[in-house]
Protein chains: 4
Amino acid sequence: MSTADTPSASAGRKRADVRRNEQKLLDAAAAVFVRMGIDAPVREIAAESGLGMGTIYRHFPTRADLVVAVFRHQVDALAAAVDAAPTAGTPYEVLRQWVHRFADFLVTKHGLAEALHSDQAGFESLHNEFVERLMPVLDQLLKASAAAGYTRSDIRAYDFMLAVGNLCIGVENFPDYQARRMIDLLLAGLAQTAPASTGEEPEQRRP
Amino acid sequence: MSTADTPSASAGRKRADVRRNEQKLLDAAAAVFVRMGIDAPVREIAAESGLGMGTIYRHFPTRADLVVAVFRHQVDALAAAVDAAPTAGTPYEVLRQWVHRFADFLVTKHGLAEALHSDQAGFESLHNEFVERLMPVLDQLLKASAAAGYTRSDIRAYDFMLAVGNLCIGVENFPDYQARRMIDLLLAGLAQTAPASTGEEPEQRRP
Amino acid sequence: MSTADTPSASAGRKRADVRRNEQKLLDAAAAVFVRMGIDAPVREIAAESGLGMGTIYRHFPTRADLVVAVFRHQVDALAAAVDAAPTAGTPYEVLRQWVHRFADFLVTKHGLAEALHSDQAGFESLHNEFVERLMPVLDQLLKASAAAGYTRSDIRAYDFMLAVGNLCIGVENFPDYQARRMIDLLLAGLAQTAPASTGEEPEQRRP
Amino acid sequence: MSTADTPSASAGRKRADVRRNEQKLLDAAAAVFVRMGIDAPVREIAAESGLGMGTIYRHFPTRADLVVAVFRHQVDALAAAVDAAPTAGTPYEVLRQWVHRFADFLVTKHGLAEALHSDQAGFESLHNEFVERLMPVLDQLLKASAAAGYTRSDIRAYDFMLAVGNLCIGVENFPDYQARRMIDLLLAGLAQTAPASTGEEPEQRRP
DNA sequence: AATGAATGAGGTTTCATTCAT
DNA sequence: AATGAATGAAACCTCATTCAT
């Protein structure tokens with residue numbers, strides 16, 4: 001009666017603990033992933049989190065579950081970013097900014113870009129998660145830009161997304177590699193639409 | 001001059017055996033790398049080659065040594081290709097063809113593109129090998145194309161090489177991913193030189 | 001007199017709950033034992049019962065306690081069977097029927113016969129339970145049959161009980177094994193008493 | 001030439017070592033099986049043998065392989081025993097002696113009798129090994145005894161063998177259990193053939 | 001009294017690497 | 001020089017059991 005669904009002191013407390021532990025795990029995993037890559041030993045994550053190994057298995061039966069969970073937040077944010085942005089510029093510029101934000105995300109998570117394309121069994125779900133959440137967003141951006149005549153319309157969001165992801169690989173291991181420039185190059189290639197054919201487009205593109 | 005380094009009859013014979021074994025190992029490793037990836041168990045390679053594991057370690061103390069050796073031949077061929085090619089087209093076309101040949105090479109070697117950017121200790125030498133052998137070639141091609149006005153001149157061969165390599169990652173695991181189109185996009189970005197600023201360039205570019 | 005030990009209304013209610021839970025546990029355990037054997041994970045039983053694991057430990061601190069409790073009912077029934085039976089035949093026939101009923105019991109409980117002779121620490125109590133409850137019964141049957149001249153009198157109930165139990169082992173894993181025939185063989189061996197000592201017995205035995 | 005197939009010093013030595021190690025493993029496993037049962041940790045056996053765990057897996061990939069190997073010798077001896085014995089008595093007596101020797105074997109190997117009927121995956125091979133090697137022998141003994149009129153002819157060697165094996169279970173855990181007497185009881189049951197038909201047999205049986 | 005999250009010992013298995021022959 | 005047996009560290013995963021709520 002009284003305890004309806006108000007998180008009562010006792011029931012609520014327990015749930016809070018559990019959630020806190022899950023957060024600890026996610027934080028620890030994120031840290032360890034940065035330090036040792038996505039294949040880090042479970043024990044390492046357990047140690048980092050201060051929790052037991054069994055707890056990890058309870059929360060995330062599969063390594064992929066953990067990886068997906070670790071990054072879900074940021075993937076969500078990324079997916080939401082496109083709506084939040086107050087259309088700061090041309091569709092092409094919006095696209096460009098989002099792509100770089102995507103790259104930011106990948107680059108700051110050591111091993112994430114690599115894991116995205118891993119052939120390791122069990123990482124399909126990670127790949128899928130990204131594709132399902134982000135590809136629609138990117139697709140929308142690409143279509144808008146193409147519709148406005150800024151970019152080619154024959155590039156698939158899937159390919160483009162993976163390509164950007166791939167270009168981020170190795171940034172940390174080879175500090176001399178300038179992934180950003182390559183991403184810009186790819187974006188430039190996108191912009192190089194069948195240009196001078198009519199001559200009107202340029203004005204359209206650069207008003 | 002040529003045979004000068006043949007020691008004695010017996011020693012020479014030995015050397016032939018050794019060299020034959022080395023070749024066996026390289027062939028076996030190449031086959032296994034295709035089958036199981038670049039991280040295949042040493043024992044697997046030993047079995048494939050018909051030789052003992054100890055022999056592998058004698059010849060190639062480090063896994064990277066073996067990997068480098070396995071691909072050196074093809075790297076050499078790639079490096080030589082640029083001279084051999086009878087300038088079949090514009091510098092940009094030559095560049096384009098070489099880049100795709102490079103991609104061919106990476107894509108057909110399961111796991112090679114990945115290994116190139118691996119952070120696994122011991123794979124720097126593989127990276128270095130590629131950089132040392134191929135970057136000069138690519139640099140030359142880029143410079144030629146830029147000098148002829150086809151492409152931007154502010155792109156470093158190092159970045160471009162790694163970028164192309166990166167774009168090849170995942171081809172086998174995600175068959176839907178069309179790496180070639182993305183490589184072409186990158187090349188297109190390269191071509192999109194500082195464009196309509198003067199208006200003369202276009203003629204220069206497509207004579 | 002009878003309800004004298006009911007404490008207070010509230011406490012009594014509690015007790016009812018507790019008893020109900022205990023029954024749930026016993027039912028669940030019985031089901032799980034059949035499904036997964038006597039060593040089934042505690043969690044499995046908890047899940048089956050709808051109760052928590054801690055509750056199991058409260059009621060049955062030791063696995064053996066649970067096992068014993070699960071089967072106590074049927075052990076009791078078996079112990080009682082001898083009185084209930086309206087002496088349907090010769091003492092030997094009564095003995096034989098009881099032995100087969102005992103075998104029925106063991107065979108239908110997956111893993112019970114095995115557990116009875118397990119060296120796993122903690123199963124002594126199971127063994128003891130069986131010995132304490134059933135051996136007296138069997139002893140009585142054996143003595144009656146021997147006294148009537150049907151069977152040897154030099155066989156201990158303890159040995160015989162364990163032997164019958166043992167003969168039931170493997171019935172499920174090796175469907176070709178015909179435990180019943182072997183039990184009958186054992187019973188036949190029992191009947192082969194030191195024969196013609198007096199001369200009257202034989203007629204009595206095989207009329 | 002000279003090294004034909006004579007176990008040369010170098011080649012022969014290695015092989016000898018390997019064999020010696022295998023023997024060490026078998027001895028160690030036998031000891032550990034006695035001490036801790038047939039499910040003893042691999043590490044324990046490794047420790048006992050003074051060899052590494054990997055060596056065990058090399059020699060005996062499966063636990064069952066090891067178990068079978070440990071007991072093969074004695075199984076062989078048991079299988080051979082029937083021929084070696086200089087027919088010391090009636091067929092029934094020969095049968096009886098062999099059965100007891102079989103029991104000796106099982107009883108002295110802690111956990112063997114249990115393992116023979118284990119439902120643990122992977123022990124089928126142990127069961128099979130026993131059945132294949134020993135059942136024919138027992139079958140022959142049973143048939144001989146039956147043919148000479150000493151015993152019933154309707155008992156299958158398979159059942160009888162398993163029964164004897166079963167009766168040995170628990171000898172060590174329950175020192176009060178007299179398995180031998182039960183085996184004799186089973187044998188007695190076997191002998192109690194449809195006797196009184198002629199009346200001569202009894203004399204024949206107990207001269 | 002009940003719950004079930006957390007713990008971590010314990011067992012398994014794989015493979016890179018060494019080294020005696 | 002070649003061999004491959006041996007080693008053992010590492011990683012995985014499962015549950016019995018405890019204990020805070």
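Is Thr151(C) buried or exposed, and what is its relative accessible area? Thr151(C) is buried, at 3% relative accessible area (buried is under 20%, exposed over 50%, partly exposed in between; 1.4 Å probe, protein chains only).

This is a predicted model: local features need pLDDT of at least 70, side-chain atom pairs count only at pLDDT 80 or more, and totals for chains, interfaces and linings use all residues. Residues are numbered from 1 along each chain as its sequence is written, chains are lettered from A and ligands numbered from 1 in the order written, and side-chain values use heavy atoms, without hydrogens and water.

**View 1. Thr151(C) and its polar partners.** Thr151(C) sits in the loop between helix H7 (124-147) and H8 of chain C (helices are DSSP runs of H or I, at least four residues, numbered from the N terminus). Its side chain makes a polar contact with the side chain of Ser145(C), at 2.9 Å. A polar atom of the Thr151(C) side chain also lies 3.2 Å from the backbone nitrogen of Ala146(C).

**View 2. The contact of chain C and chain D.** Chain C gives 34 residues and chain D gives 33 residues (contact: heavy atoms within 4.5 Å). About 3100 Å² is buried between chain C and chain D, with 59% from carbon and sulfur atoms (accessible area, 1.4 Å probe, that two parts lose on being put together, summed over both).

**View 3. A salt bridge across the interface.** Arg156(D) and Asp176(C) join their side chains in a salt bridge, 3.7 Å from N to O (side-chain nitrogen of Lys or Arg within 4 Å of a carboxyl oxygen of Asp or Glu). Chain C and chain D share four salt bridges.

Note on methods. Helices (H or I, at least four residues) and strands (E, at least two) are DSSP runs, numbered from the N terminus. A polar contact is a pair of N or O atoms within 3.5 Å; within protein, one must be able to donate a hydrogen and the other to accept it, and residues adjacent in sequence count only if both atoms are side-chain atoms.
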